[in-house]
Amino acid sequence: MNSHDPKALPNDRTDPADDQRFDAVFKQTLSDLEARAKAVGMTWNSLCKEAGIARATPDRWRANSPKTVELVTKMQTIVAEAEANGATHQAARTRRV
């Protein structure tokens with residue numbers, strides 16, 4: 001875990017305390033991601049679809065955090081790109097067509 005970044009997800013999950021900390025940070029990351037997506041006009045459904053995951057997947061993650069966060073990282077990248085573009089998701093998708 002990066003000690004300089006309090007939101008960094010720990011990658012060593014051998015200690016039960018690490019699991020609890022990972023779960024708390026991971027669930028907060030999902031909540032933050034959902035709020036950021038909404039702020040740029042993305043629905044959770046559209047974000048999941050664009051990331052290539054089933055809509056139910058984040059719900060399963062909230063119930064039982066996965067050991068890998070690669071898909072969440074991909075979702076964060078998609079939202080960050082939308083935020084950087086300064087346009088709503090719908091408007092950006094309309095321009096791509």
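**Helix α3 and its setting**

Tutor: A56 lies in helix α3, which covers residues 56-63. This is a predicted model, in which local features need pLDDT of at least 70, side-chain atom pairs count only at pLDDT 80 or more, and totals for chains, interfaces and linings use all residues. Residues are numbered from 1 along each chain as its sequence is written, and side-chain values use heavy atoms, with hydrogens and water left out.

Student: Why is A56 called partly exposed?

Tutor: Buried means under 20% relative accessible area and exposed means over 50%, with partly exposed in between (1.4 Å probe, protein chains only). The relative accessibility of A56 is 38%, so A56 counts as partly exposed.

Student: Which residues of α3 are buried?

Tutor: T57, P58 and W61 are buried in α3.

Student: What makes these buried residues line one face of the helix?

Tutor: Viewed down the axis of α3, they fall within an arc of 95 degrees, so they line one face. The arc is that of the directions from the helix axis to the C-beta atoms.

Student: Which exposed residues does the face turned away from the buried side carry?

Tutor: That face of α3 carries R60 and A63.

Student: How many helices and strands does the protein chain have?

Tutor: The protein chain has 5 helices and 0 strands. Helices (H or I, at least four residues) and strands (E, at least two) are DSSP runs, numbered from the N terminus.

Student: What share of the protein chain is buried?

Tutor: Of its 97 residues, 33% are buried.
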